[in-house]
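Open the model in your viewer and keep the selection tool at hand. The tour goes stop by stop.

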Amino acid sequence: MTVAKVSVPCDFGVENLYDEFHGNVTVEFKDSTSMKASSLILSWNSEVFTHLFKELRQGTVELKDFSKEAAVILLESLYSGDIVVKRSHFREIYKISHAFKVKWLSEKCIAAFTEFCESSSQDFNDMEFLFNEAVYSDCTLKCGKLMEIVVTTFSKFEKMPEMFVGPYLTKYFTRIKPAALNQLLEICCGQFIPVLQAVKEHLETNGIVKTVHTILSNEDVVQCMVGESQLYDELYGMMLKQLNDKNMNAEDLELLMNLNRAVRNQGSTSNSVVRSNGILPGYATIMNLFHEVEEFIKAACRKNIDALRHHV
């Protein structure tokens with residue numbers, strides 16, 4: 001007689017988890033405590049457990065990379081076939097379900113996260129939590145599903161660049177990863193003024209870091225330049241000062257060259273009034289900077305050639 005395969009999630013009775021009579025493997029926790037569990041129930045829920053018990057013949061499962069709370073919730077959910085995912089333990093539960101490939105539990109976490117987003121109060125702290133969880137999932141777990149949910153949901157909120165993107169950039173400017181930054185720019189839906197204001201705030205007291213490069217290398221941001229000449233004059237003035245102070249490296253110089261070419265090319269096709277000298281109103285600083293950068297590079301090249309000749 002063929003026995004039907006068990007379909008999970010399934011209620012095996014959470015009380016059986018705490019009855020050692022049913023436990024034939026040991027689960028070890030982060031705090032050095034342990035408990036017994038059924039290899040059969042664990043294996044029905046996850047192919048990872050099946051591999052550990054059936055193929056590797058292990059009698060012990062280490063859950064020391066996760067909080068004990070999350071590990072116990074995992075075991076209880078595998079026995080009960082159900083779980084209530086809360087914000088307070090979301091990251092750990094999603095991480096452990098991802099690590100052990102418990103498909104139905106991961107789906108529960110994603111459904112809960114979707115609900116978190118859709119019911120968001122839209123204040124900064126709430127959106128910061130959601131975005132940071134998505135960043136962690138995307139960068140650490142290599143799973144982009146949560147970020148897709150965040151971008152889709154946040155893009156529907158009004159004034160998102162002012163309410164969240166700008167303040168978030170100001171807080172995490174030197175720590176944000178390029179992938180997460182690109183997602184923030186997508187959330188802006190073309191409204192990049194708060195982003196550029198965050199760049200300005202950073203440049204007032206700091207140098208040109210990776211975040212500046214990522215933002216000012218984005219084509220959509222560059223396309224916004226022509227319409228915001230005053231703000232960009234201020235930004236370029238700050239970068240020009242760093243050029244004069246010799247606080248730039250080769251990548252910084254290349255960024256400035258590319259930006260100036262992009263702005264000059266856009267200016268040549270713009271319907272705006274052009275001065276008699278051929279420079280768009282508000283872009284004299286940019287054109288001067290373009291000249292300064294080129295002269296600086298030429299001088300550096302001459303200096304390196306002279307040094308090389310002297311060495312020979």
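**Stop 1: two crossing helices.** Select Phe 124, Met 127, Glu 128, Phe 131 and Asn 132 in H6, then Met 160, Met 163, Phe 164, Pro 167, Tyr 168, Lys 171 and Tyr 172 in H8; these two sets meet. Contact here means heavy atoms within 4.5 Å. Helices (H or I, at least four residues) and strands (E, at least two) are DSSP runs, numbered from the N terminus. By class, the contact residues of H6 with H8 are nine nonpolar, one polar and two charged. Nonpolar covers Ala, Val, Leu, Ile, Met, Phe, Trp, Tyr, Cys and Pro; charged covers Asp, Glu, Lys and Arg; the others, Gly among them, are polar.

Before moving on, a word on the source. This is a predicted model: local features need pLDDT of at least 70, side-chain atom pairs count only at pLDDT 80 or more, and totals for chains, interfaces and linings use all residues. Residues are numbered from 1 along each chain as its sequence is written, and side-chain values use heavy atoms, with hydrogens and water left out.

Now show the whole of H6 (residues 124-139) and H8 (residues 160-172). Their axes come within 10 Å and cross at roughly 65°. That makes H6 roughly perpendicular to H8. Axes are lines fitted to C-alpha atoms, for helices over the stretch in contact, and angles run from 0 to 180 degrees between N-to-C directions. Angles under 35 degrees count as roughly parallel, over 145 as roughly antiparallel, 65 to 115 as roughly perpendicular and the rest as oblique. The crossing of H6 past H8 is right-handed. Right-handed means that the near helix is turned clockwise from the far one by less than a right angle, left-handed anticlockwise.

Stop 2: Select H10 (residues 193-203) and H13 (residues 229-244). Here the axes come within 10 Å and cross at roughly 30°. H10 and H13 are therefore roughly parallel to each other. H10 passes H13 in a left-handed crossing. From H10, pick Ile 193, Leu 196, Val 199, Lys 200 and Leu 203; from H13, pick Leu 231, Tyr 232, Glu 234, Leu 235, Met 238, Met 239 and Gln 242. This contact of H10 with H13 divides into nine nonpolar, one polar and two charged residues.

**Stop 3: the sheet.** Three strands form an open sheet in the order S2-S1-S3, with mixed pairing. Strands pair if DSSP finds at least two bridges between them. S2 (34-37) and S3 (60-62) are at the edges with a single partner strand each, so one side of each has no neighbour in the sheet. Start from S1 (residues 25-28): three bridges join S1 to S3, and the two run parallel. Val 27 has Val 61 in S3 as bridge partner, and Glu 28 stands opposite Glu 62. On the S2 side, four bridges join S1 to S2, running antiparallel. Val 25 stands opposite Ala 37 there.

**Stop 4: backbone exceptions.** Which residue of the S1 and S2 hairpin takes a positive phi? Select Ser 32: its phi is near 75°, in a hairpin with five residues between the strands. Gln 122 also has a positive phi, near 65°; Gln 122 lies in the loop between H5 (103-118) and H6. Finally, go to the cis peptide bond joining Val 8 and Pro 9, with omega about 5°. Pro 9 is in the segment before S1.
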